[in-house]
Amino acid sequence: PVRETVLEIRGLTSHYGRIQALHGIDLDVKQGQLVALVGANGAGKTTLLRTISGVQPASGGVVRFKGEDITRLAPEKRVRAGICQVPEGRQVFGPMSIEDNLRLGAYFRRDREIEQDLERMYGIFPILKEKRALPAGTLSGGQQQMLAMARALMGRPKLLLLDEPSMGLAPLLVEEIFRVIRSLKAEGITIFLVEQNAHAALAIADIGYVIETGHTILSGPGPELLHDEQVKKAYLGM
Ligand code: ATP
């Protein structure tokens, strides 16, 4: 079966004043795929993600979501259309309970299945169930990352954008986060993952892209990129 293209980026450029951060990016994410973007510090990963969520303007090119041109669409309209970003550095509401944080993720929804989704999240993230009545601020960094992901999922996103979810986490928690990302993919959620942890990201990605100074220099099936000599040298320390 031909999969629907959820995100289609063509010739995308973006500037900070006179500094050009993106130089004509082409990228596709199809329905149900996990697509990973890897690259060094300052390569343009965050900028690209922000042009997709709409908080950073494009200076040229086009971003299409389910066939519709959203290049100039306001960020909140993209959220309503189903594009949901889990920001780097989590940003959960510390004084609010974990469960209330999750309910907040369903803020835009008007259907009656919110309670079911809450239980579904507790199934994927048992630690959140155990601690659901506690203030979110009492969670560890890794647990807050999970809460931020679960909160995003409560909005039933059609495209989930993950910005460096493993950043600053201890190795065991990194493993746990990638296990969760794999299970989200198994549930059929379409995911665009930005990571500095190239090995872990490419290992689970259907398609990987390597970005350098605002150019995508390589793309292909994630596990194939893992064996690419250039990738091994530059990003995997081999
Ligand atoms: P990191 O992993 O460090 O977040 P990145 O791959 O996400 O890096 P970006 O943050 O997208 O890279 O940065 C891409 C380029 O744009 C870099 O050269 C950076 O210096 C520049 N840049 C980013 N933000 C700004 C800004 N607010 N003003 C000016 N230049 C910026």
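## Terms and basis

A residue is called buried when its relative accessible area is under 20%, exposed when that area is over 50%, and partly exposed in between (1.4 Å probe, protein chains only). Helices (H or I, at least four residues) and strands (E, at least two) are DSSP runs, numbered from the N terminus.

This is a predicted model, in which local features need pLDDT of at least 70 and side-chain atom pairs count only at pLDDT 80 or more, while totals for chains, interfaces and linings use all residues. Residues are numbered from 1 along each chain as its sequence is written, and side-chain values use heavy atoms, with hydrogens and water left out.

## Overall form

The chain contains 10 helices and 10 strands. Its C-alpha trace spans about 45 × 40 × 40 Å along the principal axes. A compact globule of 238 residues would have a radius of gyration near 18 Å, and the 17 Å of the chain agrees with this; the radius is taken over C-alpha atoms, and the globule rule is 2.2 Å times the number of residues to the power 0.38.

Of the 238 residues, 49% are buried. Contact means heavy atoms within 4.5 Å. Among contacts with a separation of 6 or more, 65% join residues 24 or more positions apart.

## Nonpolar cores

A nonpolar core is a set of buried Ala, Val, Leu, Ile, Met, Phe, Trp, Tyr and Cys residues joined through side-chain atoms within 4.5 Å. The largest one has 51 residues, and those with the most contacts inside it are Phe125, Met149, Leu160, Ile181, Leu184, Ile191 and Leu193. Helix 6 (residues 141–153) gives the most to this core, with seven residues. A second, separate core has 25 residues, including Ile25, Ile70, Ile83 and Tyr209.

Apart from neighbours within four places in sequence, Ile191 is in contact with Val29, Gln33, Leu34, Val35, Leu160, Leu162, Ile181, Leu184 and Lys185.

## Helix 1

Helix 1 (residues 45–53) is mostly covered, with seven of its nine residues buried. The buried residues in helix 1 are Lys45, Thr47, Leu48, Leu49, Thr51, Ile52 and Ser53.

## Positive phi in two loops

Lys66 is in the loop between strand 4 (60–65) and strand 5 (68–69). Its phi is near 50°, a positive value in a residue other than glycine. Lys66 is partly exposed, at a relative accessible area of 34%.

Arg156 lies in the loop between helix 6 and strand 7 (159–163). Although Arg156 is not a glycine, it has a positive phi of about 50°. With a relative accessible area of 37%, Arg156 is partly exposed.
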